[in-house]
Every structure is written in C-alpha cells, then in structure tokens.
Amino acid sequence: MQRLFIGLILISVGLSSQAQHKPDTIIYHVTTIDGNEFNGIIVSQSEEYVLLETQNIGQVRLPKSQIASMNPVKGRNIKSGEVWPDHFQATRYFISGSAYTMKKGEAMYQNTWIFYNHFSAGLTDHFSIGLGFIPSFLFGSIAIPYWITPKFSIPVSRDKLNFGGGAFLGSVTGGGEMASFLYGNTTIGTKDTNLTFGLGYGRFDGEWSRTPLMMVGGSFRTSRHFYLLTENYFILGEGIFFLGGRRIIRRTSLDFGLMIPGGVGQFIGIPWLAIIVPLHKG
C-alpha cells in the first residue's frame, strides 16, 4: 500500500510537471495592414517577425511592421471550429450607437450616400469623439452643416451590461446657432447580439425640448461576416424606423437597409447605404 501511495504521488508530480511545460495553445486572430486575416498559434516571435502556425496553410511568417492587430481569440468566438472575430463596429448601428465605445487608438470613417461624412476616434477605452459634416459647398452653399459627437461608456458587467451617454452638437459655418442634443443609453448583451435603450433631450432656438426622444436599437450576428441591425426613434407617438444588415468585408463594413418614417399613412421605405472604413487600430 505504501509503495502504491508513493507511486501515485510520483505520477501526479510528473503530470503536473508536464502541465507546467505544456506549450502555449492560445489561438490568436491576426490582421495585417493590407487586410489579410490569420488564425493560429504563435510558434515563435522576434523583434521583427511572428511565426504563426495556422490550421489551413501551415506556418506563416509575418513581419510585425505589417501587423495591424493581434488578439487572443476568446472561447465564445469559436463557432463550429470557425473563428468569429470581435465585432469592432459594435459601437454603432445605422446612425447612433450602443453603450459600447471605441478603444483608445481606434478610428473610423463613415460615409452615407456620399453626402454624410463622419469621423470618430477613441481617446481612451471609455471615451470617444466624432466630427462630421455635409459638403453643401458642392452645391454652391457657404453654410456647411457640421457636428461634434463626444461619447462615454461605463462597463458594468463586461459583455452583459453597459451604460453610456453623449451629446450631439451641431451648427453651420458662418455663425449659425448651435443645436444640442444630450442622451443616455443602456446596452444589454454582447457586442454580437445586444439591445440598446436610449433617452435624450434636444435644445433648439435657445430652449430645451419638454418631450424626450426615445431610441431602441439592436444587432444580431447570424454568421462570421453578417449582422442584422435595427434602430428606431419615437417621440410624441410618431416614429422613424431603420431595418437592415451589415456585411463585414475584411475590416470594412457595408450597412444597408430601409429608413421607414411612421405616421405618413402609407408604407414608405427610403434606401439606406453606408460604408465604414477603419482608419487605425491601436
């Protein structure tokens, strides 16, 4: 019995030693500057290169100067053996956003039907700012509409509950009066599948609105590269509804759908088309 006991101890120590020296099996999702994506285990790396062992094409030697991002893949991101990258544009739906915000160093550009232009960047992991304009000068106008959109996020339970808020400050060049809109929102769910509730008040002509504008939006991921989106606004019994999808093409996304105004007595669907391009990934 004593020999058996000692043997079991030796076996357990041996297994423990093997576990301590078990090679790193963390899967990394690597995106290069030119838009290529790789999933694999880091075999080795130096100051200049990363050697990645992939499942489909074997080992790949990537110069670090060409790597845009390299992040470990979370278990929930592996679906039926396929790696689903994080939804890096989960901060927004069609126009407004969720209570998620951009990370420090991230930046992107959105263009909708050529005329709507918006740039946004993460200054910290919980605060971002955006700047947009409509190029009305193309039509000979000297009054160019522009806006600024600061936004903050407070993660309460990561991937389950986030609080956020921000402002829309808009005017026109040439000394136009500044219009303001302040809001707060709550997002329930992950960056892939979530629901957001928002409430805000606007200030126009020097007075604050007495009736709040309510917003309900959400996203639902159906595959590695596709999301269903909805974004809806309600005020005084009327509403404007957005319904459509988002297609991820490498790191660029194409948003499409219909904008449906309510209270007009008949169904009217206005086509919506936007492209969002990442400018930098910190």
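Does Asp 192 count as buried or exposed, and what is the relative accessibility behind that label? Asp 192 counts as buried, at 18% relative accessibility; the cut-off for buried is under 20%. The legends below describe close-up views of a predicted model.

**View 1. Salt bridge between Arg 221 and Asp 192.** The closest N and O atoms of Arg 221 and Asp 192 are 3.0 Å apart, and the two side chains form a salt bridge. Arg 221 belongs to strand β16 (residues 213-221), while Asp 192 sits in the loop between β13 (179-189) and β14 (194-204); the pair links distant parts of the chain, 29 residues apart. Arg 221 is buried as well, with a relative accessible area of 7%. The model has three salt bridges in its count.

**View 2. Salt-bridge network of Arg 92, Arg 246 and Asp 255.** These three residues are linked in a network of salt bridges. Arg 92 meets Asp 255 with the closest N and O atoms 2.8 Å apart. Arg 92 lies in the loop between β7 (82-83) and β8 (107-112) and Asp 255 in strand β19, so this pair ties together parts that are 163 residues apart in sequence. Arg 246 also forms a salt bridge with Asp 255, at 2.8 Å from N to O. Asp 255 has a relative accessible area of 0% and is buried; Arg 92 is buried at 8%, and Arg 246 is buried too.

**View 3. Open sheet of five strands.** The strands follow the order β4-β3-β2-β1-β5, with antiparallel pairing. β4 (58-63) and β5 (67-72) are the edge strands, and each has a single partner, so one side of each is left without a neighbour in the sheet. On average, neighbouring strands are turned by 40 degrees against each other, direction ignored.

View 4. Strand β1 (residues 27-32) is joined to β5 by five bridges, and Tyr 28 stands opposite Pro 72 in β5. Five bridges also pair β1 with strand β2 (residues 37-45), where His 29 stands opposite Asn 39. β2 in turn is joined to strand β3 (residues 49-54) by five bridges, and Ile 41 faces Glu 53 of β3 as its opposite residue. A hairpin of three residues connects β2 to β3.

**View 5. Aromatic pairs.** Eight aromatic pairs are counted in the model. Phe 226 and Phe 256 form a tilted pair, 6.2 Å centre to centre with 35 degrees between the planes. Phe 226 lies in strand β17 (residues 226-235) and Phe 256 in strand β19, so the pair ties together parts that are 30 residues apart in sequence. Phe 234 is partly exposed at 30%, and Phe 241 is partly exposed at 29%. Elsewhere, ring pairs link Phe 94, Phe 242 and Trp 272 into a cluster.

**View 6. Nonpolar patch on the surface.** The patch has about 1,100 Å² of accessible area together, and its residues include Trp 113, Phe 137, Ile 249, Phe 256 and Leu 273. β19 (252-261) and β20 (270-280) each supply at least two residues of the patch. Ile 249 is placed in strand β18 (residues 238-249).

Technical notes:
Residues are numbered from 1 along each chain as its sequence is written. This is a predicted model: local features need pLDDT of at least 70, side-chain atom pairs count only at pLDDT 80 or more; totals for chains, interfaces and linings use all residues. Side-chain values use heavy atoms; hydrogens and water are left out. Two strands pair if DSSP finds at least two bridges between them. Helices (H or I, at least four residues) and strands (E, at least two) are DSSP runs, numbered from the N terminus. Axes are lines fitted to C-alpha atoms, for helices over the stretch in contact, and angles run from 0 to 180 degrees between N-to-C directions. Patches are made of residues with over 30% relative accessible area and no salt bridge: like charges are joined within 9 Å, nonpolar side chains (Val, Leu, Ile, Met, Phe, Trp, Tyr) within 5 Å. Accessible areas come from the Shrake-Rupley method with a 1.4 Å probe; for residues, only the protein chains shown count as cover. A salt bridge is a side-chain nitrogen of Lys or Arg within 4 Å of a carboxyl oxygen of Asp or Glu. Rings of Phe, Tyr and Trp (its six-membered ring) pair if their centres lie within 6.5 Å; planes under 30 degrees apart count as stacked, over 60 as edge-to-face and the rest as tilted. Buried means under 20% relative accessible area, exposed over 50%, partly exposed in between (1.4 Å probe, protein chains only).
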